[in-house]
Amino acid sequence: MLIFNDKEELLLEHRKEGGWGLPGGLMELGETIEGTATREVLEETGLVITSLQLLGIFSGEDYHFTFQNGDEIYSVTAVYWTNQYSGKLKHNSNESVDVKFFKTLPPELKDEYKDYIMPYYSSIIEKQRTSTHE
């Protein structure tokens, strides 16, 4: 989930397993994709998000992951963005060590998240600039 504030900064989460990434997670039984995004962002950041806009779907061989316990998956990831949120920003200590907004992407951004961010980053900032000047 790409969440931008009014300063054109992107919200990132410093995960316990290392590196910065986007808030998000796995779908629970019976949940919609948008419901998953909303729930995960609330759990991980304390923010309630609205006005989700779908950016893209990522799947295939590039999204093969092996977990520490040896389980392997091919993930299908839906990437949304919003700049509409409320609540008090705070990290979930079970999953991360920090959450904060960045003006420029940190060098510790995990590679998998670059795939989800980079195709859209500039165009979202441009959309925000256009909408605030109208």
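Figure 1. Leaving aside neighbours within four places in sequence, Ile117 is in contact (heavy atoms within 4.5 Å) with Leu2, Leu10, Leu12, Leu22, Leu105 and Leu109. The model is predicted: local features need pLDDT of at least 70, side-chain atom pairs count only at pLDDT 80 or more, and totals for chains, interfaces and linings use all residues. Residues are numbered from 1 along each chain as its sequence is written, and side-chain values use heavy atoms, with hydrogens and water left out. A nonpolar core is a set of buried Ala, Val, Leu, Ile, Met, Phe, Trp, Tyr and Cys residues joined through side-chain atoms within 4.5 Å; buried means under 20% relative accessible area, exposed over 50%, and partly exposed in between, with a 1.4 Å probe and protein chains only. The largest such core has 20 residues, and Leu2, Phe4, Leu10, Leu12, Leu22 and Ile117 have the most contacts inside it. Strand 2, strand 5 (53–58), strand 8, helix 2 and helix 3 (121–132) each give two or more residues to this core. Helices (H or I, at least four residues) and strands (E, at least two) are DSSP runs numbered from the N terminus. A second, separate core of nine residues includes Ile3, Leu11, Ile49 and Tyr80.

**Figure 2. Surroundings of Tyr80.** Tyr80 lies in strand 8 and counts as buried because its relative accessibility is 6%. Beyond its neighbours within four places in sequence, Tyr80 is in contact with Met1, Leu2, Ile33, Glu34, Leu52, Gln53, Leu54 and Leu55. Tyr80 and Tyr116 are 36 residues apart along the chain, and their C-alpha atoms are separated by 9.4 Å.

Figure 3. The strands stand in the order 3-2-10, with antiparallel pairing; two strands pair if DSSP finds at least two bridges between them. Strand 3 (20–21) and strand 10 (96–102) are at the edges with a single partner strand each, so one side of each has no neighbour in the sheet. Strand 2 (residues 10–15) is joined to strand 10 by six bridges. Glu13 stands opposite Val99 in strand 10.

Figure 4. A pocket is an open set of points on a 1 Å grid over the protein atoms alone, where a 1.4 Å probe fits, with protein on both sides within 12 Å along at least five of seven lines; lining residues have an atom within 4 Å of a point. The largest pocket has a volume of about 1200 Å³, the space filled by probe spheres set on the points. Of its 32 lining residues, Gly24, Gly25, Leu26, Glu112 and Tyr113 are the closest to its centre. Helix 1 gives the most to the lining, six residues.
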